[in-house]
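Dear colleague,

Please find below the sequence and structure that I am handing over to you. My notes on what was found follow directly after.

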Amino acid sequence: MRHGGAILVEQLARLGVERVFSVPGESFLAVLDGLHDSAIANVVCRHEGGAAMMAEAQGKLSGRPGVAFVTRGPGATNASAGVHVARQDSTPMVLFVGQIARSDRDREAFQEVDYRAMFGPLAKWVAEIDDAARIPEYVGRAFETAMSGRPGPVVLALPEDVLSGLAEARDIAPAPERLAPDLSGVAARIMERLSRAERPLVVVGGPHWSAGAAADLARFAQVQGLPVAAGFRRQDYMDNRHPNYAGDLNVGVNPKLAERVRAADALLVIGSRLGDIETQGYTLIDPAGHDKTLIHVHADADEIGRVWRPELAAVARAPAMLAALAECAPCGADWSGWTRAAREDYEGWLVPKETPGAVKLERLIGWLSETLPEDAILTNGAGNYAGWLHRYFRFKGFRTQLAPTSGSMGYGFPAAISAALAHPDRAVVCLAGDGCFQMTLNEMSTAAQHGAAPIVIVVNNGRYGTIRMHQERHYPGRVSGTQLANPDFAALARAYGGHGEVVERDAEFAPAFERARQSGRAAVIELRVDPAALSTGQTLP
């Protein structure tokens, strides 16, 4: 006989979970008790949103569900931000939420929430466990659901009396051996159809990727002579130095790459949903009808045909399809001029465009790109500051980029903590705006407590820069609601026991970064930038 909390923790251990992220609550005390004697590390966070984002980042890094525990009511509502990131980013994640005792249901008891109704539109599956003996069944299904098809978040509610009650439960069985289908015939059919095109473009993105998939993509592109564009914040799916890499389809997209998507007569989309950002608000391709040959490869059958009507479609995970495509012989088409032009457009986009001020992000990001180890992990949240990173940093290896395709502010710092804990031997650098960082900077305490040492570069322009940019476009000169009163970020880092410095000129950055790296602690380098630099291509008059 074990209490429900011990049963649950044992299932996580059997599933290979090494670390969970939590903000404690009385609703899941039995789980905390179960973790006491477990080898699973419990990373205690300062806000449920930060905990959920750390779990989501862990899911991105590992390809296995990241796990978070939060308490009922306010804890769950706070954590919903991370659930939304996992949903839009197709990241496997399981959120466990404490719940009121079963006997108090439907009385609006203290912090009572109907989680099926609350998380229904955000999660792949939401359930409440009513019987401690069935905990292994629910946990097993949660993990399978989180990883199957298009991965995403699962939410399990845990009534406190179920967790504290004793039960006999059979532990979860090992995962089944999954037999992979032979995709060689499918790959040959795709290449036969693609060979008829004059201006093909490969677009990659979505879940399930691996270092092996990135290598197969590079080999496939090289053998066939195809240009490859990465989806929004999926720039680490192909070494950006590869001669067939054509850039990424992001918010501040290279106009020449956008035009290339329009001009392409065939698109081979592998893993990506080909969403709003990649298509610039569905303007580069019209969902209602277009003149392109669209070949869509996706792991979830429900995604194919949901927005786009492909000519050919294959339900397969990107790595499996790329492994098959990489084995195909050259199709015989000559796309060398088209592909070379795409690469030249990308290299032209890398040439720095000077922005105002004594601290120029284009130079600093270029320095980081040339200086950081090739396996360094770069994280960011949302804001125009990220445009410099996307444009000027060249990602060299798989899973060196952690960023929310959902556009969630505050993501970069929790993700950096998660990455630093998972890979203490690798450099982890977070780029954050002053508004973005202040949404989750309280997790500096989490980093200090658990020994995470990411370096955070805070771009301080005293405003919500992205909104200010849109404000200037639509209501020029009428500044409202976008100004920020900021702390001394470097002093704040030191108050948490970290390393902190302020940089006001380009020449100060490299030595400040080296001191931050040598400190061995979580570090903040605050960049005092010119507020006139709104984006990589727009400045205030």
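How many aromatic pairs does the structure hold? The model, which is a predicted one, holds 14 aromatic pairs. One of them is formed by F69 and F96, whose rings are stacked, with 4.7 Å from centre to centre and 15 degrees between the planes. This pair links distant parts of the chain, since F69 belongs to strand β4 (residues 66-70) and F96 to strand β5 (residues 93-99), 27 residues apart. F69 is buried, at a relative accessible area of 1%, and F96 is likewise buried, at 0%. Together with F28, these two residues form one aromatic cluster.

I turn next to helix α11. Its buried residues are A318, M321, L322, A324 and L325. Viewed down the helix axis, they fall within an arc of 160 degrees, and therefore they line one face of α11. In an α-helix there are 3.6 residues a turn, so residues three or four places apart point the same way.

The last item is the second largest pocket, with a volume of about 1000 Å³. Its lining comprises 43 residues, and M147, S148, R178, H208 and R317 lie nearest the centre. The elements giving two or more residues to this lining are α3 (48-62), α6 (135-147) and α11 (318-325). By type, the lining residues divide into 24 nonpolar, ten polar and nine charged.

With kind regards

Note on methods. Residues are numbered from 1 along each chain as its sequence is written. This is a predicted model: local features need pLDDT of at least 70, side-chain atom pairs count only at pLDDT 80 or more; totals for chains, interfaces and linings use all residues. Side-chain values use heavy atoms; hydrogens and water are left out. On a 1 Å grid over the protein atoms alone, a cavity is a set of points where a 1.4 Å probe fits but cannot get out, and a pocket is an open set with protein on both sides within 12 Å along at least five of seven lines; lining residues have an atom within 4 Å of a point. Grid points are joined across faces, edges and corners, and a volume is the space filled by probe spheres set on the points. Helices (H or I, at least four residues) and strands (E, at least two) are DSSP runs, numbered from the N terminus. Ala, Val, Leu, Ile, Met, Phe, Trp, Tyr, Cys and Pro count as nonpolar, Asp, Glu, Lys and Arg as charged, and the others, Gly among them, as polar. Buried means under 20% relative accessible area, exposed over 50%, partly exposed in between (1.4 Å probe, protein chains only). The arc is that of the directions from the helix axis to the C-beta atoms. Rings of Phe, Tyr and Trp (its six-membered ring) pair if their centres lie within 6.5 Å; planes under 30 degrees apart count as stacked, over 60 as edge-to-face and the rest as tilted.
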